[in-house]
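Please look through the briefing below with the sequence and the model side by side.

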Amino acid sequence: RALARLARDVASRRSIDARAVAPRRATRGNHDGDARGCCDAAATSPPRFTSTHEIVNCAHAHGARSTYTVGMSAYAFELIGDATRVEPTRASGETVAKGETLARVHWSGFTRTAGDELYHSRWANASGTREIAAPFDVKVVRYNMEALRDPYMNVRGPETWLAEVEAESGSTATLMDEEDYDALVEREEMAAADKANAAYP
């Protein structure tokens, strides 16, 4: 659990560092997968998190409206296998209410099942779909075309944004900071461990 948390911290720091040193420019009309902001405030603001494990970064902060990128947190990636398809569920310009689905990530991988009578772990093929929810009321700006074209290669961690949205400036204040989010993840990890232990004979 400590190693998983360290991996999330490194990934989160890497995402922040990459935005801080990258050249800043306007993002509208740019479809190459680059959603870096043009403002110092946007480039240095820390990520925020939702209770459904989305990571949200401010990409472009100006006046009453700002643009944000939405992706999956490191913990969300721990819960799935490899991304096989990213399915947008909205059109550009469409309004999406908080909690409604912005995209679906289809994935495949392996999962560990309950051990046998000798407590040997068993592994089985698994697949599923993870929904990416709007962190607050938003208007869709665009989707990450690189993620849509080749999700296996390009949807690799929390540094990968999936949707860029527009919302009121300061909307991320309603979300969890990294410390509160880590506490949430720890509680969920403990609950999952208790459930797994109960599944063994």
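Strand 8 (residues 138-143) and strand 9 (residues 161-168) run antiparallel and are joined by four bridges. The model is a predicted one.

- Lysine 139 has glutamate 166, in strand 9, as its bridge partner.
- Six strands make up an open sheet, with antiparallel pairing and the order 1-2-3-9-8-5.
- At the edges are strand 1 (48-49) and strand 5 (95-96), each of which pairs on one side only.

**Serine 66**

- Strand 3 (residues 65-72) contains serine 66.
- Is serine 66 buried or exposed? Its relative accessibility is 3%, and buried means under 20%, so serine 66 counts as buried.
- The side chain of serine 66 makes a polar contact of 2.7 Å with the side chain of serine 169.
- Leaving out residues up to four places away in sequence, serine 66 touches Cys58, His60 and Ala61, and also Val165, Glu166, Ala167, Glu168 and Ser169.

**Nonpolar cores**

- The largest nonpolar core consists of 29 residues. Met72, Leu102, Val138 and Leu162 have the most contacts inside this core.
- Several elements give two or more residues to this core, among them strand 2 (54-62), strand 3, helix 3 (74-78) and strand 4 (82-88).
- A second core is separate and has seven residues, including Ile55, Tyr75, Leu184 and Val185.
- Which residues does valine 138 contact, leaving aside its neighbours within four places in sequence? They are Glu94, Thr95, Val96, Leu102, Val165, Glu166 and Ala167.

**The whole chain**

- The protein chain has six helices and nine strands.
- Of its 201 residues, 45% count as buried.
- Taking contacts between residues at least 6 apart in sequence, 66% join residues at least 24 apart.
- The chain exposes about 10600 Å², and carbon and sulfur atoms supply 52% of this area.

Technical notes:
Residues are numbered from 1 along each chain as its sequence is written. This is a predicted model: local features need pLDDT of at least 70, side-chain atom pairs count only at pLDDT 80 or more; totals for chains, interfaces and linings use all residues. Side-chain values use heavy atoms; hydrogens and water are left out. Two strands pair if DSSP finds at least two bridges between them. Buried means under 20% relative accessible area, exposed over 50%, partly exposed in between (1.4 Å probe, protein chains only). A polar contact is a pair of N or O atoms within 3.5 Å; within protein, one must be able to donate a hydrogen and the other to accept it, and residues adjacent in sequence count only if both atoms are side-chain atoms. Contact means heavy atoms within 4.5 Å. Accessible areas come from the Shrake-Rupley method with a 1.4 Å probe; for residues, only the protein chains shown count as cover. A nonpolar core is a set of buried Ala, Val, Leu, Ile, Met, Phe, Trp, Tyr and Cys residues joined through side-chain atoms within 4.5 Å.
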